[in-house]
Amino acid sequence: MPPVDFIVHGALVLLLPPLLLGVITKVKAAFAGRVGAPLLQPYHDLIKLLRKSSVFSRTTTWVFRAGPVVGLATALLAALLIPLGDRAAPVSFEGDLVLFAYLLGLGRFFTVAAALDTGSAFEGMGGAREATFSCLTEPALFLCLLVLVRASGSLSLSGMLGPSLAGSWPHAAASFIAVVASLLIVILAETSRIPFDDPSTHLELTMIHEVMVLDHGGPALGMILYGAAIKLFLLGAIVVRIAVPYDGVDPWSGRAVFVGGMLLLAVVIGVVESVMARLRLLQIPSLLVTACVLSAFAVVLLAR
Amino acid sequence: MSLLVVAVVLVGASGLPGLVLCREGTAGERVATALLVMGSGCGILSVFFAPPEANRIDFPWSVPGGAFALSIDAISALFLIQIFVISALGSIYGLEYWSQADHPDNGRKLRFFYGLMTAGMATLVVARNSVLFLVGWEIMALATFFTVTTEDHLPAVREVGYLYLLATRLGTLCLFAMFALLHAATGTFEFVTPSARAELSTAIFLLALAGFGLKAGLMPLHVWLPGAHANAPSHVSALMSGVLIKMGIYGLVRICSLFPNPPLWWGGVILCLGVVSGILGVAFAIGQHDLKRLLAYHSVENIGIICIGLGLAVLGRSLGRVELVALGLGGALLHVWNHGLFKALLFLSAGSVLHATGIRQIDRLGGLLKPMPWTGLAFLVGAVAICGLPPLNGFVSELLIYLGLFRVVIGPGDRMWLAGAFAAPALALVGALAIACFVKVFGVAFLGEGRTERARAGHECGPLMLVPMAALASGCFVIGIAPVLVAPVLDSAVAAWAPEWIGGRTPLAHLAPLGSVTMAALTILAALSVLGAFLGVSTRRAVGGAVGTWDCGYAAPATTMQYSSSSFGQMLVGVFSWALWPAEHVPGIHGVFPRRTSFHSQVPDLVLDRAVYPVARSVGRVFAWMRWLQLGSINAYLLYILITLVALLLWR
């Protein structure tokens with residue numbers, strides 16, 4: 001891979017994710033008739049958190065600090081495997097989709113373990129929900145990726161989401177539409193958005209992701225927020241690439257379309273968050289099973 | 001080769017001197033461990049230095065149909081190494097865990113049968129004659145019964161021992177029938193490819209699946225497994241879960257290798273059973289309250305993963321696709337090793353917890369990472385490895401199986417690819433459930449605050465218990481970081497399994513991105529160190545040690561208010577209630593001042609409690625009229641045997 005591509009890939013992965021959060025907040029504010037926080041507010045928040053000092057409970061051990069570290073590290077490494085738009089990923093090999101999913105799993109393992117390390121029932125509750133719901137998103141994610149594997153005949157993410165994608169659309173349109181819908185549900189669930197979780201509620205009892213990190217502060221909290229934003233970015237990059245399989249005539253037009261697609265995705269998430277209410281916790285599994293069934297349909301439709 | 005015979009004799013006799021030595025002294029246990037470790041060393045050396053031309057010996061043996069035929073091929077070698085390594089480590093661990101001083105009543109018995117169990121397993125994986133195979137199988141099975149029932153003064157232990165004995169008798173019965181049919185098909189007790197007669201092959205396959213599946217603990221046949229693993233001493237549990245149940249896999253692998261053109265449905269059946277075992281095994285594990293029982297259900301899950309790989313290999317052989325055989329069988333056999341490493345590690349660290357606190361109930365533990373830092377770390381390594389997460393070894397074997405399934409997906413055929421398209425997400429579901437289950441166990445047992453007085457009084461175990469754990473944990477790291485090291489072993493095992501494709505075989509290192517796995521593992525470790533150092537530097541002025549958890553401002557938190565493992569698993573048990581049938585006692589709350597009440601929930605074993613026991617009870621009632629035959633006197637039984645023999649002779 002040429003060094004320019006590598007640098008641009010790294011810059012997009014490192015710089016763009018907080019902007020998506022800013023766009024989502026702005027859209028929600030617009031729906032509520034408010035001006036809302038500036039688009040760049042998430043960056044300011046991260047910088048502020050990095051400068052703050054921390055408090056560690058006497059209950060906690062090194063696992064509590066390992067949670068944010070592993071969460072951010074795995075998200076950053078997973079970013080090396082995801083192609084952005086029509087540009088291939090820096091690292092690509094057969095079966096890298098398994099590594100991608102399992103890296104996120106490793107991050108989840110330690111994030112939940114860090115939550116349990118505080119000994120607080122709130123954090124335990126959040127951890128249990130996070131672990132439970134991702135059990136249901138994981139098969140959906142794999143079914144979606146397998147549709148791409150079958151359609152492209154390639155076993156690596158860069159190949160699956162590569163130039164052959166646009167050519168597969170005409171004969172696999174039904175499957176791809178189901179995949180996009182299913183992946184949208186997966187993104188909303190994995191990144192703790194409405195209708196699964198409300199990041200801005202004040203009721204700890206009803207939260208999922210936010211309640212897991214209640215006791216983290218300062219740089220550790222910054223790492224968690226940054227890692228979560230990158231995760232949103234990565235899952236979003238997959239769905240944007242499937243929905244907009246545009247192969248640019250030159251590298252920059254492809255990238256521009258990709259960034260535009262990502263911003264559009266952020267707007268869509270913002271609209272969903274504004275027009276929907278949170279689901280009751282007990283109904284969340286049904287929606288996630290719906291996502292699984294939808295992606296299973298996508299597989300079956302491909303088998304016609 | 002003769003070195004192996006020496007090894008088996010040394011290991012098998014390792015407990016003998018202890019029987020005649022002083023009951024209270026430490027000499028017996030030291031001699032037993034020394035002999036077992038020496039024997040295991042010889043065994044491992046014999047595998048490495050077996051000259052390929054002379055690795056078969058035949059002794060004369062007077063047993064009808066039997067021949068003392070031993071041989072080490074690549075498949076035997078793989079299992080042999082695992083048997084000897086884990087048995088030796090478990091024996092060292094046992095010196096402290098089950099010392100003669102603490103257990104004068106049953107320590108010698110345990111050590112005697114532990115060695116015998118190892119020797120039986122080592123015999124059966126090198127046997128090339130079905131009678132000798134069955135002799136090894138029976139030594140292993142019966143010795144295991146005595147190690148499981150080490151604490152036979154406890155009624156619960158006697159019950160699971162009896163159940164185990166029934167299950168293993170039933171399995172052996174299937175194997176007798178299977179080998180008899182194999183003899184009918186081939187005319188010899190050697191392991192050779194039978195002539196093609198479809199219905200006979202089908203019967204052989206189904207009997208092998210039942211007999212070996214019972215030992216391996218495949219899902220509907222797993223009934224004996226959770227109780228036996230939970231109630232045996234922990235290093236015996238480690239040996240059982242790490243090695244013993246793999247003997248079922250070995251038998252299945254060996255029998256499947258005899259059929260070069262299996263029908264398509266054979267692979268399909270193994271694959272489906274694997275998926276069912278994988279998903280339901282981990283689902284049942286989530287509902288367990290007992291730490292060792294939970295680990296035992298994870299053995300069912302991992303046997304499922306191994307069977308997914310084996311089923312894929314059998315499918316590949318039917319379809320004539322060599323890459324599926326290599327990836328499926330390579331992944332399955334590597335998972336056999338990996339599961340041996342991390343499951344033994346988990347059982348040993350669970351044993352340390354049990355040793356230090358005397359508690360097996362997860363919900364009564366808590367906060368153990370502080371008093372037991374090394375045991376906790378060992379458990380964490382095992383937990384991350386069993387979830388199949390990088391950079392540890394579980395990831396590598398699961399990746400191989402995934403790659404095989406993906407190749408089915410992109411392969412030709414109208415419908416065949418759907419098998420891969422649904423098995424791969426099932427494997428992903430198993431992985432995600434395993435993460436939920438192990439983060440729960442690790443978090444509830446080792447993190448937070450101790451929930452009971454005994455949990456708070458936990459202490460780190462001694463070096464004799466820590467060193468075997470450290471060895472197993474480093475094994476998890478080595479295979480996870482450098483899978484290239486084991487690829488040749490797997491390649492030759494695949495070659496021995498399907499010898500018909502000597503020519504057009506691709507080595508595993510070309511089929512799977514093993515180099516990329518190494519790079520990924522090293523990058524993960526590097527990234528963790530860099531970010532960890534960053535967090536360490538940026539929080540060096542942190543306030544620590546003086547304040548408690550914020551807990552949303554609650555001022556008087558109690559340790560019992562922490563999230564317990566039952567509450568953690570409650571939603572998932574609910575999601576899987578269609579399979580688990582959880583039993584809950586929910587008290588009603590009445591009146592303005594409700595009285596003190598209690599809540600309890602449990603997940604009983606569906607097959608055992610709702611199928612096997614009721615059926616066994618009604619069958620028992622039906623056959624009650626036959627009890628007059630059982631007079632309880634030897635003379636009468638000898639008479640029965642005589643009458644049967646005479647009847648058989650007349651019939652001939």
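1. Starting with the fold of chain A: of its contacts (heavy atoms within 4.5 Å) with a separation of 6 or more, 79% are between residues 24 or more positions apart. Keep in mind that this is a predicted model, where local features need pLDDT of at least 70, side-chain atom pairs count only at pLDDT 80 or more, and totals for chains, interfaces and linings use all residues. On bookkeeping, residues are numbered from 1 along each chain as its sequence is written, chains are lettered from A and ligands numbered from 1 in the order in which they are written, and side-chain values use heavy atoms, with hydrogens and water left out.

2. Chain A has 11 helices and 1 strand, taken as DSSP runs numbered from the N terminus (helices: H or I, at least four residues; strands: E, at least two). Read from the N terminus, the order is α-α-β-α-α-α-α-α-α-α-α-α.

3. Along the principal axes, the C-alpha atoms of chain A fill a box of roughly 55 × 45 × 40 Å.

4. Now burial and surface. Of the 304 residues in chain A, 62% are buried (under 20% relative accessible area; exposed is over 50%, partly exposed in between; 1.4 Å probe, protein chains only). Chain A exposes about 10,400 Å², with 70% of that supplied by carbon and sulfur atoms (Shrake-Rupley method, 1.4 Å probe; for residues, only the protein chains shown count as cover).

5. A:Gly127 counts as buried because its relative accessibility is 0%. Beyond its neighbours within four places in sequence, A:Gly127 touches A:Val112, A:Met212 and B:Phe568. A:Val211 is 84 residues away from A:Gly127 in sequence, yet their C-alpha atoms are 8.2 Å apart.

6. Over in chain B, helix H4 (residues 74-97) has 24 residues and spans 34 Å from first C-alpha to last, close to the expected 34 Å (1.5 Å times one less than its number of residues). Since 21 of the 24 residues of H4(B) are buried, the helix is largely enclosed by the rest of the structure.

7. Last stop: B:Asn393, in helix H15 (residues 393-410) of chain B. B:Asn393 is also buried, at 0% relative accessibility. Its contacts, leaving aside neighbours within four places in sequence, include B:Asn338, B:Phe342 and B:Cys476.
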